[in-house]
Amino acid sequence: MPTAGRLAGAVIFALFGWYLAGLTIPFFPEANAPTFWLPVVSFIGLVVGWRVCGSRAGHGYNPAVGIGLTCGATIAFCAIFALSFNKMISNALRNRYNDGTMEAVIDIFNQMIAYAIMFTDVTLIATVLIGGVVCAWITEFFGQRFP
């Protein structure tokens, strides 16, 4: 059921995803992010804001802290997974996996570890956590005011 909390969560976290994607562009080799990076991360933020944060809006600001941390971590995990999955597909189309499908599936997680190490930065991690909490508080504000 659409509510103001869900709508606010979707919009706020989509903007937050766009902001995070923009922050991570310098971490790519030669600051050359894939062309799909900004829209995909903002779409992930939209879905997370609608399904995770928006559905829990209206229960108070203290639970919103935990929800915001969860949403920030979820956006980061899903974005790294999408990037790794894209890399695996491009490697598979170049016939780099000789041992079959399981090698490709395992390589997704190896790529996730490599991208997580590449994105390891104190300011980026703090932005994900603090920004997730702030976005959850904004969503909570709209969830309480317009139930």
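This is a predicted model: local features need pLDDT of at least 70, side-chain atom pairs count only at pLDDT 80 or more; totals for chains, interfaces and linings use all residues.

Student: How are the rings of Phe 28 and Trp 37 arranged, and why call it that?

Tutor: The pair is edge-to-face, because the planes sit at 80 degrees and the cut-off for that class is over 60. The ring centres are 5.5 Å apart.

Student: What about Phe 28 and Phe 119?

Tutor: Those two form an edge-to-face pair. Centre to centre is 5.4 Å, with 80 degrees between the planes.

Student: Where in the chain do Phe 28 and Phe 119 sit?

Tutor: In distant parts, 91 residues apart. Phe 28 is in the loop between helix 1 (4–24) and helix 2 (37–53). Phe 119 is in the loop between helix 4 (101–118) and helix 5 (122–145).

Student: Is Phe 119 buried or exposed?

Tutor: Buried, because its relative accessible area is 8% and the limit is under 20%. Phe 28 is buried too, at 5%.

Student: Which residues do the ring pairs link into a cluster?

Tutor: Phe 27, Phe 28, Trp 37, Tyr 115 and Phe 119. The structure holds nine aromatic pairs.

Student: New topic. Where is Ser 42?

Tutor: In helix 2. Ser 42 counts as buried, at 13% relative accessibility.

Student: What lies 2.9 Å from a polar side-chain atom of Ser 42?

Tutor: The backbone oxygen of Pro 39.

Student: And which residues does Ser 42 contact, leaving aside neighbours within four places in sequence?

Tutor: Ala 14, Gly 17 and Trp 18.

Definitions and conventions
Residues are numbered from 1 along each chain as its sequence is written. Side-chain values use heavy atoms; hydrogens and water are left out. Rings of Phe, Tyr and Trp (its six-membered ring) pair if their centres lie within 6.5 Å; planes under 30 degrees apart count as stacked, over 60 as edge-to-face and the rest as tilted. Helices (H or I, at least four residues) and strands (E, at least two) are DSSP runs, numbered from the N terminus. Buried means under 20% relative accessible area, exposed over 50%, partly exposed in between (1.4 Å probe, protein chains only). A polar contact is a pair of N or O atoms within 3.5 Å; within protein, one must be able to donate a hydrogen and the other to accept it, and residues adjacent in sequence count only if both atoms are side-chain atoms. Contact means heavy atoms within 4.5 Å.
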